[in-house]
Amino acid sequence: MSDPCFGEVELAFLGEVIDRQELWRGTRGNFVARLEEAFGQRLGRDYVLGVTSGTCANETALAGLGLEPGDEVICPATAPLFVSMPVVSLGCIPVFAETDPRTLILSPEGIEARVTPKTRAIVVVHLFGQPAPMDEILAVARRHNLKVVEDCAQAYDCYYKARKAGTLGDVVCFSMQQSKHLTSGEGGLVATDDPEVYKRAAMYANCGMPWFQYGLEAPRAEPLAGLRTRGHYTFGHNYRMSELQGAVALAQLGKLDAFNARRREHAAIIESELRGAAAIELPYVYPDTTPNYWFYPVRVPVALGTYSEINYLEVVYQRMQQERRTSVGYPLPDYVQYVPGSCPQAEAAAPRFRNLSVHPSLPSEAVREGARSLREAVQTHCEARGE
Ligand SMILES: *Cc1c(COP(=O)(O)O)cnc(C)c1O
């Protein structure tokens, strides 16, 4: 049986928003504030900020760290472009590093190899809901005094050594786009324990206006030359989450445990169908970690792989490579190259990945069918090649 993910609770909360006649969070916002509170408690972070998308959350998280144009940010070569594009938006330079061929997650050695005096931060993506090897990554970060952003867009409720992914770095960002564990169609969340990171992030996502929650003191707009000013203190964008998004997300948060359980059931079905199958490798799990798969990543012969997210091969990066400056005009240092071959290990590994959906709306039978048909396709492929 297939289960709808959205229903009466979402409708009831949306109805409340309509009854209140207040669709933005403004100063009387209700659902976005409740979502931030509940999400922070569940995650174990002191400050949470709702924004309009995961991409905005990545950008806002980086802005929260106070990065300056020209700062270098190490990103995984193999992750959605939504990870590196926000680095460009801030005037910073994405520097792509090698990823572990078993997981496509940043490797500590890969990070180490890309550190320069201009490096300020690392964006660690817990890809597909696999928690990254954080102790090793945090050790590299400490050694070079780098900030760590955890991108948990695909990694809700995953554990690293009994700690939740998203509570280990300086700041964490989540996406609530339709496919993610928690969704409001589009939406994002930023979380941190550092009030200064929260304040910078909150101002960035509100065109520089300090509408702080959590009782944090905000500056007051001072007049200039006898004229009133409105109180824009920094550069920023309007990435404010709407009450409509907040209402749906809060309703979904109440269902997250059930969704997670369903995803685990689906993953177990796939595992039982594919375990032992020739030429199929099940996901590698780092020691002492508990994944919560967004998609279930298996490795198959290249001809049957489908993963295509190698950032610097995209046209937008090829253009930056040609012009030797980023899309917002910041010049690229000579040692930053977006050419094929930049991360050979990642380029060899990514095309072997094939991701099977474990979405909670899927009936178990569809999940089983998907796994079986992949097993047969791989078998047919190997037989045809005499393997
Ligand atoms: C989905 C995703 C994002 C961006 O989220 P959007 O809500 O789609 O903007 C960022 N990082 C990762 C790893 C993602 O999977």
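**Close-up views of a predicted model**

**View 1. Proline 195, a partly exposed residue.** With a relative accessibility of 28%, proline 195 counts as partly exposed, because that label covers values from the 20% limit for buried up to the 50% limit for exposed. Keep in mind that what you see here is a predicted model. Proline 195 sits in helix H7, which covers residues 195–204. Leaving aside residues up to four places away in sequence, proline 195 touches Tyr47 and Leu216. And how far apart in space are proline 195 and alanine 349? From C-alpha to C-alpha it's 39 Å, with the two being 154 residues apart in sequence.

**View 2. The whole protein, before we zoom in again.** Count up the secondary structure and you get twelve helices and twelve strands. Taken along the principal axes, the box filled by the C-alpha atoms is roughly 85 × 55 × 35 Å. Of the 387 residues, 54% are buried. Looking at contacts with a separation of 6 or more, 71% are between residues 24 or more positions apart.

**View 3. An open sheet made of three strands.** Here the strands line up in the order S7-S6-S10, with antiparallel pairing. Which strands are at the edges? They're S7 (163–164) and S10 (289–290), each pairing on one side only. In general, strands of a sheet pair through backbone hydrogen bonds, and they can do that either parallel or antiparallel. Zooming in on one pair, S6 (residues 159–160) and S7 are joined by two bridges and run antiparallel. Look for tyrosine 160, too: facing it in S7 is arginine 163.

**View 4. A nonpolar patch on the surface.** Three residues make up this patch: Ile18, Leu23 and Leu244. Together they have about 240 Å² of accessible area. To get your bearings, find helix H1 (residues 8–20), which is where isoleucine 18 is located. Is isoleucine 18 buried, partly exposed or exposed? Its relative accessible area is 44%, so isoleucine 18 is partly exposed.

Notes: Residues numbered from 1 in each chain as written. Predicted model: local features only at pLDDT ≥ 70, side-chain atom pairs only at ≥ 80, totals over all residues. Heavy atoms only, no water. Patch = residues over 30% accessible without salt bridge, like charges linked within 9 Å, V, L, I, M, F, W, Y side chains within 5 Å. Areas by Shrake-Rupley, 256 points an atom, 1.4 Å probe, with all protein chains shown as cover. Salt bridge = Lys/Arg side-chain N within 4 Å of Asp/Glu carboxyl O. Helix = DSSP H or I, 4+ residues; strand = E, 2+ residues; numbered from the N terminus. Buried < 20%, exposed > 50% of the residue type's maximum accessible area, 1.4 Å probe, protein only. Contact = heavy atoms within 4.5 Å. Pairing = 2+ DSSP bridges.
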